[in-house]
Amino acid sequence: MSVNFEHFLYGGDYNPDQWLEYPDILKEDIRLMKQAHINTVSLGIFAWAKLEPAEGVYDFDWMEEIIDRLYENGISVNLATPSGARPHWMADQYPEVLRVNEMRQRTLFGERHNHCYTSPVYREKVRRMNQKLAARFDSHPGVILWHVSNEYMGECHCPLCQQAFRDWVKEKYHTIDEVNRCWNTSFWSHDYQNFDQIESPSSIGESSIQGLYLDWRRFVSYQTTDFCRAEIAALREAGAVKPVTTNMLYKSPWVNYFELADAVDIVSWDSYPFWHKGPESQTAVNAGMRHDVMRSMKREPFLMMESCPGAMSWVPISKLKRPGMLEASSLQAIAHGSDSVLYFQIRKGRGGYEKLHGAVIDHYGKEDDRTYQECRQIGADLEAIGQIHHSKVEASVAVIYDWENRWALEASAGPRNEGMYYREAVEKSYGAFRRQGVNVDVIDMTKSLEPYRVVAAPMAYMFRTGFEEKIRAFVERGGVFIMSYWSGVVDENDLCFLGGTPGGLMDVMGLRSTEIDALYEGESNTLHAVDSDAAYRCEHLCQLVDLRTAVPLFVYGEDFYAGTPALTVNCYGKGQAYYVCADAEQRLYDDVYAQILREAGVRRILEQEIPDGVAVSSRRDADTEYIFVQNFNPAPVTFCPEVPDGEVIFGETGARMKPFSTVILERKTTDE
């Protein structure tokens, strides 16, 4: 289902339930929103206590009045279900809705997301609330989207969840003997005699069976996604027909978002980069990859459901955004495929945990506020480039970033128990592609590789079922595949492959991985090109390999394995397979990937050399390509984008680009 709104959604989380005693403020908010070109708000996210102040006593009149008033003023609503935070009366009357931690202690009422996704009581309370909301508001012309819950997170170890986990394990493995085999429980004599003995991992219980840990992570993700599906089913059963989303985070340790994405109609997420903490160019790469993860889940436009217009209050240091940074960050989301720029929050709350978190409208409440004026300008700019709305990002290059692989890497004992740097390894490949000015999809191991010419799979420690066959077919038909150190070590049950690694792909890669050297912090080695003077530093992990048919392009420079292969290439079928043996510095990836893309014939968006800190992305509709050029440097850069037959539709071109500036060009497309 491709969800297409009439324009870019601009606005954010609005909490009028916190201001019902201040009608003048609510009236003034609408005036300020209209002046800032805000056309959409997310409503009711944490409003359960106002919607159902006592069990079975519902009060939706105040919400309908707000929705009516917003609609009359041209502002649409993403209407939330309030399951992210339940009211006090529910915890008092039904303790089973409260979570139990891994120490088997039931938590007290408080915070948010402190509820059990398995609890029949909680599911029933949510079902009733959602059905009543749907019956009352789905037909309202001001409601354009259902916003289910908020940032699903956390896990519960209560007796209800323990039984649900046992049932899940039994459905997956059928017999206890198969559980013991797949979890290799004979190690330390931990065999199970029956399913009733199975419990979730705990620091005061079983924590040494990695197969158990991995399946618990899968179960928590499954149960969370099932809860989301139940929420959506309640809306649909009550007659709701409008599209549904739920706002995701980036690195969730609980939910595999590639699975959760299948439950919703459009992917949305909450973007909070740490701008000004380090080099802006690197933060931009990190933020861009996060956007591309979300876009790649459905390969459709997504929504940036939350971002911060000012300083974030829940970080160690609340740094102000420098002038121009908010617009650069907002337009980066658009460049990577977002159809929205939405903030948390529209108005700062007067009290509570996020009362000092950035907002469009400050406690001051007037328009002569710096952040408000920047937000107002962004709203006008989004209207000016409205033709880009719902165009798509097309990529012929992909990087694999897999949730289950990350879980397995983090749980494995060795080769480094203090920092495997999986995300950083993925970012190196992603950043190298992006610096060449190509769009990049970020996918997991379950996705098809058909659309791509080049695919990189950094640290693919665990091969999920069928992954090696997918890679083999991809390379055979002419694809270029790049794998790195510590790949193909275990299967999806975290059992080591027998007969050599990377499991099932030794012939494709043309080598066998033999040993891996874990380096202490501060230790390093070097990689030297076999046909030039090029040399690069590496750290953390150095894979040793035995070549079969692969050819070495780089060798190690130090230690007992000096002179042995450090980066190789193998021809297989019509394609090529590269193996990066060590955690090399970014420069190696930049240089090697540039050559790989040239040889693979991957089209760059701009043919010019792109300066450091300048990002290039593109979106397309039926006959037009929109090219985004952004300077994420805090200083001007000498660069003028050259697009044959292109026309500037946003920003200014010249010999130099201003700090945090954006230029958008359009050109008509042909059948390339």
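Student: In strand 19, which residue is the bridge partner of valine 480?
Tutor: Glutamine 576 is, in this predicted model. Valine 480 belongs to strand 13, residues 480-484.

Student: What makes strand 13 and strand 19 a pair, and which way do they run?
Tutor: Two strands pair if there are at least two bridges between them. Five bridges join strand 13 to strand 19.

Student: What lies between strand 18 and strand 19 in their hairpin?
Tutor: Two residues. Glycine 573 takes a positive phi there, near 60 degrees.

Student: Why is strand 19 called largely enclosed?
Tutor: Strand 19 covers residues 575-580, and five of its six residues are buried. Therefore the rest of the structure largely encloses it.

Student: Turn to the helices. Why are helix 6 and helix 8 called roughly perpendicular?
Tutor: Their axes cross at roughly 110 degrees. The range for roughly perpendicular is 65 to 115 degrees. The value falls in that range, so helix 6 and helix 8 are roughly perpendicular. Helix 6 spans residues 159-173, helix 8 spans residues 210-237, and the axes come within 10 Å.

Student: Which residues of helix 6 and helix 8 meet?
Tutor: From helix 6, Cys161, Ala164, Phe165, Trp168, Lys172 and Tyr173. From helix 8, Leu212, Asp215, Trp216, Arg218, Phe219, Tyr222 and Gln223. The residues of this contact divide into nine nonpolar, one polar and three charged.

Student: Why is leucine 32 called buried?
Tutor: Buried means under 20% relative accessible area. Leucine 32 has 0%, so it counts as buried. It sits in helix 1, residues 23-35.

Student: What is leucine 32 in contact with, leaving aside its neighbours within four places in sequence?
Tutor: Ile361, Gly365, Glu367 and Tyr372. Glutamate 367 is 335 residues away along the chain from leucine 32, yet their C-alpha atoms are separated by 7.1 Å.

Student: And asparagine 405: buried or exposed?
Tutor: Buried. Its relative accessibility is 0%, and the limit is under 20%, so the term applies. Asparagine 405 lies in helix 13, residues 403-411.

Student: How do you know that the side chain of asparagine 405 makes a polar contact with tyrosine 461?
Tutor: A polar atom of that side chain lies 3.1 Å from the backbone nitrogen of tyrosine 461. The cut-off is within 3.5 Å, so the distance qualifies. Beyond four places in sequence, asparagine 405 touches Tyr422, Met445, Met459, Ala460, Tyr461 and Met462.

Student: Why is glycine 601 called partly exposed?
Tutor: Its relative accessible area is 41%. Buried is under 20% and exposed is over 50%; 41% falls in between, so glycine 601 is partly exposed. It lies in the loop between helix 17 (586-600) and strand 21 (614-620).

Student: What makes strand 6 and strand 8 edge strands?
Tutor: The open sheet of three strands has the order 6-7-8, with parallel pairing. Strand 6 (247-248) and strand 8 (303-306) each have a single partner strand, so one side of each has no neighbour in the sheet. Three bridges join strand 7 (residues 268-270) to strand 8.

Student: What is the order of the open sheet formed by four strands?
Tutor: 21-22-26-24, with antiparallel pairing. Strand 21 and strand 24 (647-650) are the edge strands, each pairing on one side only. Neighbouring strands are turned by 30 degrees against each other on average, direction ignored.

Student: How many bridges join strand 21 to strand 22?
Tutor: Seven, and the strands run antiparallel. Serine 618 has isoleucine 627 in strand 22 as its bridge partner.

Student: Which strands does helix 11 lie across?
Tutor: Strand 21, strand 22, strand 24 and strand 26 (662-668). Helix 11 (residues 325-335) runs at about 150 degrees to strand 22.

How values were computed. Residues numbered from 1 in each chain as written. Predicted model: local features only at pLDDT ≥ 70, side-chain atom pairs only at ≥ 80, totals over all residues. Heavy atoms only, no water. Axes fitted to C-alpha atoms, helices over the stretch in contact; angles between N-to-C directions. Parallel < 35°, antiparallel > 145°, perpendicular 65-115°, else oblique. Contact = heavy atoms within 4.5 Å. Nonpolar A, V, L, I, M, F, W, Y, C, P; charged D, E, K, R; others polar. Buried < 20%, exposed > 50% of the residue type's maximum accessible area, 1.4 Å probe, protein only. Polar contact = N/O pair within 3.5 Å; in protein donor to acceptor, adjacent residues only side chain to side chain.
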